[in-house]
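Subject: Structure for you, with notes on what was found

Dear colleague,

Please find below the structure I said I would hand over, followed by a written account of what was found in it.

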Amino acid sequence: MPGKQANLFAFEDVSALAPALRSYIITAQNAGITRHGVFKVGVSGGSLPKTLAQALLSEPKSDNNNDDDAVRFDKWEIFFADERAVPLDHEDSNYALVKKELLDKIPASLGRPVVHPVATEHLDDVQELADQYEKTLVNSFAKGDSVKLPIFDLLLLGCGPDGHTCSLFPGHALLRETDAWVAPIEDSPKPPPKRITLTLPVVTHAVKVAFVATGAGKKDIMKEIFEVGNGLPCALVNEAAGDRSSWFTDAAAVEGVQFPRRSFL
């Protein structure tokens, strides 16, 4: 277990959080491009895509075209941290949500990312759906080499009111999966029941993991994650990733949480 703790950044509200999240993402983007010419990012659904749009589609801090503050979507390769076994235009699809909230709003001047949705011909077989998505990852991250785990430049995740992230739920057997990169789940406690998800080792091996958690509805589970742990999926990520894990929250979500806040520089 790493000796360093997760970073907890708390902001007054989402409008104050968004510029910090933008800066954090751009730093990860630039590091990825420097490392291997692309930015490999995994995203989840929920309220996250809307916050991402607020962060990434805003005007940069300065108008001097500083490349260090530019979102370079033409270098992005976007994967889904989890997905529901539904058509891509279905209201439960994370792809549909990210497309509506973010992808469709990207101005042409920022470039077009490469996006990897699930193979919808396998919606009726979630094991095959997971296997095919794992092949998508292998094609991008391994390219003929033997790689134990894919290493994302950044994972952008949410936190459910039960402490789940991706489609990794508290107490579920999937938390013990160590071999697969992508796993199926047919009994999700949150509908729809059939999904695929990145596994815990893939999540915790990312270069950076960013959680976005906002609203007073999150404060009870945030207390449990940061003060107790209790084997909650979000807490397991914090424990394994240490200071590679960063939380972007508003004041309401962390009210009363006994955990040191860091100032975002």
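Helix α2 passes helix α3 in a right-handed crossing, and I begin with this pair, keeping in mind throughout that the model is a predicted one. The two helices, α2 with residues 48–56 and α3 with residues 94–101, pack at an angle of about 25°, and their axes lie 9 Å apart. Because angles under 35 degrees count as roughly parallel, α2 and α3 are therefore described as roughly parallel to each other. On the α2 side the contact is made by P49, K50 and A53, and on the α3 side by L97, V98 and E101. Sorted by class, the residues of this contact comprise four nonpolar and two charged ones, with no polar residue.

The packing of α2 with helix α1 (residues 14–36) has another geometry: the angle is about 75° and the axes are 8 Å apart. With 65 to 115 degrees taken as roughly perpendicular, α1 and α2 are therefore roughly perpendicular to each other. Here V14, S15, L17, A18, L21, R22 and I25 of α1 meet T51, L52, Q54, A55 and L56 of α2, and the contact divides into eight nonpolar, three polar and one charged residues.

Q29 belongs to helix α1 and counts as buried, because its relative accessibility is 0%. The side chain of Q29 makes a polar contact with the side chain of N30, at 2.9 Å. If residues up to four places away in sequence are not counted, Q29 touches F39, A70, V71, R72 and W76.

S188 is placed in the loop between β7 (182–185) and β8 (195–198), and with a relative accessibility of 9% S188 counts as buried. The side chain of S188 reaches the backbone oxygen of K190 at 2.5 Å, and it also makes a polar contact with the side chain of R195, at 3.1 Å. Leaving aside neighbours within four places in sequence, the residues in contact with S188 are F169, P193 and R195. From C-alpha to C-alpha, S188 and V126 are 12 Å apart in space, while 62 residues separate them in sequence.

L123 is found in the loop between β5 (114–115) and α4 (126–141). Is L123 buried or exposed? Its relative accessible area is 19%, and because buried means under 20%, L123 is counted as buried. Apart from neighbours within four places in sequence, L123 is in contact with A85, V86, P87 and L129. For one of these residues, P87, the C-alpha atom is separated from that of L123 by 7.6 Å, although the two residues are 36 residues apart along the chain.

Definitions and conventions
Residues numbered from 1 in each chain as written. Predicted model: local features only at pLDDT ≥ 70, side-chain atom pairs only at ≥ 80, totals over all residues. Heavy atoms only, no water. Axes fitted to C-alpha atoms, helices over the stretch in contact; angles between N-to-C directions. Helix = DSSP H or I, 4+ residues; strand = E, 2+ residues; numbered from the N terminus. Parallel < 35°, antiparallel > 145°, perpendicular 65-115°, else oblique. Left-handed = near helix turned anticlockwise from the far one by under 90°. Contact = heavy atoms within 4.5 Å. Nonpolar A, V, L, I, M, F, W, Y, C, P; charged D, E, K, R; others polar. Buried < 20%, exposed > 50% of the residue type's maximum accessible area, 1.4 Å probe, protein only. Polar contact = N/O pair within 3.5 Å; in protein donor to acceptor, adjacent residues only side chain to side chain.
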